Amino acid sequence: MLGIFSRGQQKLKGMEKTTNTKEDKSLEYLDLLRRLSQEQGVSGREAKVAESLLKTLHPLVDEVERDRLGNVIAHKKGEGPDPHPRVMLAAHMDEIGLMVTQILEGGFLRFTPVGGIDLRTLPGQEVLIHGLSPLRGVIGAKPPHLQEPGERKKAIPGDELYIDTGYSKKEELEEMVPLGTMVTIERDLQLLANDLVAGKALDNRAGVTVLAACFQELTRLKHRADVYGVATVQEEVGVRGAMVSSYGLAPDLAVVIDVCHGDMPGVAEDEGFPLGKGPALGLGPHVHPRLFTTLKETAQEIGVPYQVEPSPTPAGTDAWAIQIAREGIPTALVSLPLRYMHTAVETLSLKDLKETGRLLAAFIQGLEPAFVEGLSCY
Amino acid sequence: MLLKELSEAFGPPGQEDEVRDLIREKIAPHVDRIWTDTMGNLYAEKKGRDAAGPRIMLAAHMDEVALMITRIDREGFLHFKSLGGIDQRVLIAKPVVIGRQRVPGVIGAKAVHLLEPEERERALSLRELFIDIGARDKEEAEKLVAIGEGAVFQSRFSSIGGNRVRGKALDNRAGCSALVELLQYDYPVNLTAVFTVQEEVGLRGARIASYNLKPDLALVMETTTAGDVPEAKSHQMSTRLGKGPALTIMDRTLIAAPDLLKALEETAQRLDKPYQWKQTATGGTDGGAIHLTGAGIPTAVVAIPCRYLHSPASVIDLADYQHLIELIHGFLTHAPGRRTGQK
């Protein structure tokens, strides 16, 4: 079972690692994160990343399947007498991307964003076009010698951007790239100092990796709760996968794993959380107060560092949909601090990822029927 | 593939060591003499069959546009200035490597969620951008990176479309690669290839190289803007991919020697190879420095059309690359007399 999580062995030339002693296993999930980050899974087209995930989860759980909308649902049964609390862990597996809308003379493609793309990050990006077979491309923009003075001060408008496929005939492309084809950035995962990693789609493949990490931890623990790990689809276009999967599963409670903004120059302290200081526990009307408290106490008990992310609204995560599914589902939100969200160099800490998996496993281990019943008593 | 190795090599202006070492190793078996000068230009001499024949300089610059680390802040982020002309808008959300040790870093940007509407329309200035290497603070960053080190895009060279390639620094590693290939053949003329430094910061290496050599004529092997892209009008399309190497009549720095241009054009026609005239008078090359050196040196520029120059992913057509080699090979094989190029 451990074999699927081969330890990361990448050593950076010339970099003296100050961390990663033998006891520190934060690199344990590097390979899985790398694989998931590089899989294609733009909202509504998550089949590739789902396949990869099914294989990863299969040995860790009792059963794993996809539902009608494409959500991956992994079920690990609890032990001991009935009743078994039913807990849902949700992490979205879709990523933002581009969709081909027009094929131009000369081998160029026009596109529209899928999800919240920052158009300013696109010029000069290397891309993969997921047509009948994957094609490489470049997002081009008007060459500098054609620019008006002062033009560099303005972001390039989205309708002036295009993808250069390297082909020169429109007809040739039409056969290979049907309209509606999804496009992703082509990007290797980069290991930075202090076990930070940078890459595309870490929002929220990192959350999906935490899901796997939690199941991995649970194989070593006894737990009474029935655990449903859901990798949801179509979060980036309106938390849609979470809506139907929480209805379908009707769990007693749910914990959503997503990313929150990391600290960086120009971002206020209450909006950006430091990397490597543990997961941020969501706090606000969208989070069940007792789930928040229990997660916090669990973190304290097992020595997982944590931060508190106060937020007036859960808009933008699966918690938005799950909290109000069916008759209402007590929901918590656990987030990995991530810098440069929705760019192709999203950056987060592998330590945070590992610690979050450990926290969730311990939380699940402590779930008893009485606690679940109490969640409706105010 | 040589072009791949060269494209992926690290070579900001003034820090061309890796490119120079790579080229030196490749050309050593094929040339009579190799030497360098005070700035790091790499010279390779090939004596011709006719010792009294013309002395021709072939030049290709080794450096690439890059960033220079100028400041490390308290939080451990790296701040930079550009080494050569970079449109700062292509920097956002790109991975880079710093120094020959290739310390990885990324140029991030504030998440789109946190932007005010007007911020989305505005391009970030160089001063607002920074590189994140994951360091906790200044002290830790200083262990990995030194002030003054260059940073280049971390892009993988790869094929794209039918017969094209995509990669960083094709300007001008494509010219370097073509020149290395040419050096494998023998010619009647006396040839000195110069792989120049610091073109991107003001044609600086070529100036002293041409002074040192005082050749009878010079050919610059370059890449040049291809404008055959959406949003461009046809008269703005400087050059077009796949239509052959481009000859420059005039750019910002040079009016090419007419006889030399004519000889190149005739060579292309004789060999029945495609060529095109650069349609805009924009840009500048080492030719600008070379032709004004000493008492003046007849100079022409032959360039491979290249889309998205100075970005993480530039694109050339390999047919143009091949035709450039064939054109110059043909020119050298039937080399004109000593006086060619002079009116």
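Residues are numbered from 1 along each chain as its sequence is written, and chains are lettered from A and ligands numbered from 1 in the order in which they are written. In this predicted model, local features need pLDDT of at least 70 and side-chain atom pairs count only at pLDDT 80 or more, while totals for chains, interfaces and linings use all residues.

**Confidence**

The predictor gives the complex an ipTM of 0.88 and a pTM of 0.89. Two residues are in contact if their C-beta atoms, placed from the backbone, lie within 7 Å.

Helices (H or I, at least four residues) and strands (E, at least two) are DSSP runs, numbered from the N terminus; two strands pair if DSSP finds at least two bridges between them. In chain B, eight strands make an open sheet with mixed pairing, in the order β1-β2-β12-β3-β13-β16-β14-β15. At its edges stand β1 (33-36) and β15 (276-277) of chain B, each with a single partner strand, so one side of each has no neighbour in the sheet.

| Strands | Sense | Bridges | One facing pair |
|---|---|---|---|
| β4(B) (residues 66-72) and β5(B) (residues 78-83) | antiparallel | six bridges | Leu67(B) and Ser82(B) |

Helix α5 (residues 170-182) of chain B packs on the sheet and touches β3, β12 (190-196), β13 and β16 (299-306) of chain B. Its direction makes about 140° with that of β13(B); axes are lines fitted to C-alpha atoms, for helices over the stretch in contact, and angles run from 0 to 180 degrees between N-to-C directions. Helix α7 (residues 258-271) of chain B also packs on the sheet, touching β13, β14 (246-247) and β16 of chain B, at about 50° to the direction of β16(B).

**The hairpin**

With five residues between them, β4(B) and β5(B) form a hairpin, and Gly76(B) in the turn has a positive phi of about 90°.

**The domains of chain A**

Chain A is divided into domain 1 (22-95 + 200-374) and domain 2 (97-185), with bounds from an automatic or database domain assignment. Their C-alpha centres lie 33 Å apart. The contact takes 11 residues from domain 1 of chain A and 12 residues from domain 2 of chain A.
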